Amino acid sequence: MIDREALRQLAELEVTPAAAVSFYFQPQPAQNKSHRDEAILVKDLVRDALRASEHEGANGAARADLERIVELAENLHGNHARAKAVFACAAKGIWQEFDLPARLPRTRLIVNSRFHLAPLAAMLDSTDKRCCVVLLDRERARIFDLHQGQINERAAIYEEAPRRVRSDGFGGYEAGHRERHVENEAMRHFKTIAEMLQAQALAGSFDVLLIGCHAENRSEIEPHLPAPVKQRLLGWFITDPAVATLEQVRETAERTLAEVRLGEQEAMVRELIGEASRNGRGSLGLKHVLASLERGEVHRLLLGESFAATVAECSNCRHLDTRMVRACAICGHATREVNDVTDALVLRAIRDGVELVHIAGDDQFERAGNIGALLRFRADQNTAQKLAG
Ligand SMILES: [Zn+2]
């Protein structure tokens, strides 16, 4: 699991010569590639990284870490449900591994003076929900927690229904009575589970909820759900709660969550482009985003997965400039070239408490600059409002 503090510490690291190694491993679906191919891919990436670092005069400062990554890749025995991130810098005594949900765009290896943290930071954003999955039938409830791609079955409740009576009894009276009793038991069971979910929802133990059941039970369950549960309910799926496996539940839930995440990201991009086009609470393009960050206006930073840019960074006040100026426009100190501005942006975002959202495969966003920010306010307009008020 990732937390903000671990991320901040990694983001603060800076090392010369460039020997901060960031490795992201995205497993391939088992049927497409063998484990062997994945290990070869990692070896190729390591060879390229070594060549590049020698070319830049870093004299293989990262060699030991890169060799360790080759070893690690050979031992990633096809655990295809999980991705992995490794951040290593032997010179600073750092080797950190994180297991991640398998939704990285691809396997990557980067050697630079800072760690490449944007994909990791993006997993902490607001679209990453703690999901509760409940499987319900008339007798049982199975409750699962799903977060960052990891699932566990938290509780399994089984309330055996009274035995159904086949005989007619006295004029059908007894059988009918027992059938009603079974009905009542099932309804009471749905109600008990719904109330338990309400208590957990109000206690903040999950953000969103999915319910899996037999098709014919949905209309029986639905009326028992209290408002706080309904508000968090993302959707229903059809399953047999008695036999569904952990892996089936995880797959179904992950698919639904991915759709929801995509919808939220598309909505953010639409909002950003709309706001920016009417000079509202949106900044588009690196130059405007940098200005908004320096004014402390940014609420969410949207970063295209393929976004890359070289900037000048002040060695003193950390001011970033899209023009390759020698001296800082703010304090006059010497600048240095930063060949991946996203690393500097992630550090800034973490320090300032700005939420980072990774946008992948959105053409409209890419055309609009592939980087943007949703703003809390706009400093210029705020002043005007204050004067008016
Ligand atoms: Zn400066």
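Student: What should I know about the model and its numbering?
Tutor: The model is predicted; local features need pLDDT of at least 70, side-chain atom pairs count only at pLDDT 80 or more, and totals for chains, interfaces and linings use all residues. Residues are numbered from 1 along each chain as its sequence is written.

Student: What is the strand order in the open sheet of four strands?
Tutor: E3-E2-E1-E4, with antiparallel pairing. Strands (E, at least two residues) and helices (H or I, at least four) are DSSP runs, numbered from the N terminus. Pairing takes at least two DSSP bridges.

Student: Which are the edge strands?
Tutor: E3 (94-101) and E4 (108-112). Each pairs on one side only.

Student: And how many bridges join E2 and E3?
Tutor: Eight, with E2 spanning residues 82-89. Cys89 stands opposite Ile94 in E3.

Student: New topic. How many residues are in the largest nonpolar core?
Tutor: 65. Val21, Leu117 and Leu301 are among those with the most contacts inside it. A core is a set of buried Ala, Val, Leu, Ile, Met, Phe, Trp, Tyr and Cys residues joined through C-beta atoms within 7 Å. Buried means 20 or more other C-beta atoms within 10 Å of the residue's own, with C-beta atoms placed from the backbone.

Student: Which helix gives the most to this core?
Tutor: H10 (residues 341-352), with six residues. The core draws at least three residues from each of domain 1 (4-116) and domain 3 (279-388); these bounds come from an automatic or database domain assignment.

Student: What lies apart from it?
Tutor: Another core, of 27 residues, including Cys132 and Leu210.

Methods. A residue is buried if 20 or more other C-beta atoms lie within 10 Å of its own, exposed if 12 or fewer, and partly exposed in between; C-beta atoms are placed from the backbone.
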